[in-house]
Amino acid sequence: MGRGKFKGKPTGHRHFSTPEELRAGSSARPRTFRKEEAEVEEEVEQEESEGEIEEEPEKRKGTQGLIEIENPNLAKPKNVKAKDIDMGKTTELSRREREEIEKQKAHERYMKLQEQGKTEQSRKDLERLAMIRQQRAEAAKKREEEKAAKEQKKVEARK
């Protein structure tokens, strides 16, 4: 019976093995787990030895073995083992990946043309830059003339 008004969790109490139990091998781990672990190790050893001798085709359930279908909508396994990879086969890019690559290439081409001054925007920018340089040169010349005029007035005023 529980104490208080709060219920315990439905998972029950957990039992943790002590280091002494682990060393003695009398931990609370179920015996079936040990058997399964041993079976898995045996299967791995058998697969390695069979894999070296010959490869058996996968057995398919039901009518899958009778009819070979190329279904593009069929979910393909995403996890592929390294030994199963075909290095000669090239992977096809998805539509989004192709569009992204094309977009990057177009941007690079545009930037090259921009640097060479062959696009409309670069021509406008260069014209604007030329006008600004011309205006600055005129303003500098005007300042020099005003400065020279002031100095002339100072020299004349002293005399």
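Buried residues account for 3% of the 159 residues in this protein. The model is predicted. Its secondary structure consists of 4 helices and 0 strands, in the order α-α-α-α from the N terminus. The accessible surface is about 17,400 Å². Carbon and sulfur atoms hold 51% of that surface.

**Helix α3 and its end**
- Helix α3 covers residues 95-116, a run of 22 residues.
- At 1.5 Å a residue, α3 should span 32 Å.

**Thr119, between α3 and α4**
- Thr119 sits in the loop that links α3 to α4 (120-158).
- Its relative accessible area is 10%. Buried means under 20%, so Thr119 counts as buried.
- The side chain of Thr119 makes a polar contact of 2.8 Å with the side chain of Gln114.
- Beyond its neighbours within four places in sequence, Thr119 touches Tyr110, Leu113 and Gln114.

**Salt bridges**
- The whole structure contains 2 salt bridges.
- One joins the side chains of Glu99 and Arg95, at 3.2 Å from N to O.
- Glu99 and Arg95 are 4 residues apart in helix α3, so about one helical turn separates them.
- Both partners are partly exposed: Glu99 has a relative accessible area of 42%, and Arg95 has 49%.
- Another salt bridge pairs the side chains of Arg128 and Asp125, at 3.1 Å from N to O.
- Arg128 and Asp125 both belong to helix α4 and are 3 residues apart, about one turn of the helix.
- Arg128 is partly exposed at 49% relative accessibility. Asp125 is partly exposed at 30%.
- An α-helix has 3.6 residues a turn, so residues three or four places apart point the same way.

**Nonpolar surface patch**
- Val80, Ile85 and Met87 form a nonpolar surface patch of about 340 Å².
- Ile85 lies in the loop between α2 (31-53) and α3.
- Ile85 has 45% relative accessibility and therefore counts as partly exposed.

How values were computed
Residues numbered from 1 in each chain as written. Predicted model: local features only at pLDDT ≥ 70, side-chain atom pairs only at ≥ 80, totals over all residues. Heavy atoms only, no water. Helix = DSSP H or I, 4+ residues; strand = E, 2+ residues; numbered from the N terminus. Expected span 1.5 Å × (residues − 1). Patch = residues over 30% accessible without salt bridge, like charges linked within 9 Å, V, L, I, M, F, W, Y side chains within 5 Å. Areas by Shrake-Rupley, 256 points an atom, 1.4 Å probe, with all protein chains shown as cover. Salt bridge = Lys/Arg side-chain N within 4 Å of Asp/Glu carboxyl O. Buried < 20%, exposed > 50% of the residue type's maximum accessible area, 1.4 Å probe, protein only. Polar contact = N/O pair within 3.5 Å; in protein donor to acceptor, adjacent residues only side chain to side chain. Contact = heavy atoms within 4.5 Å.
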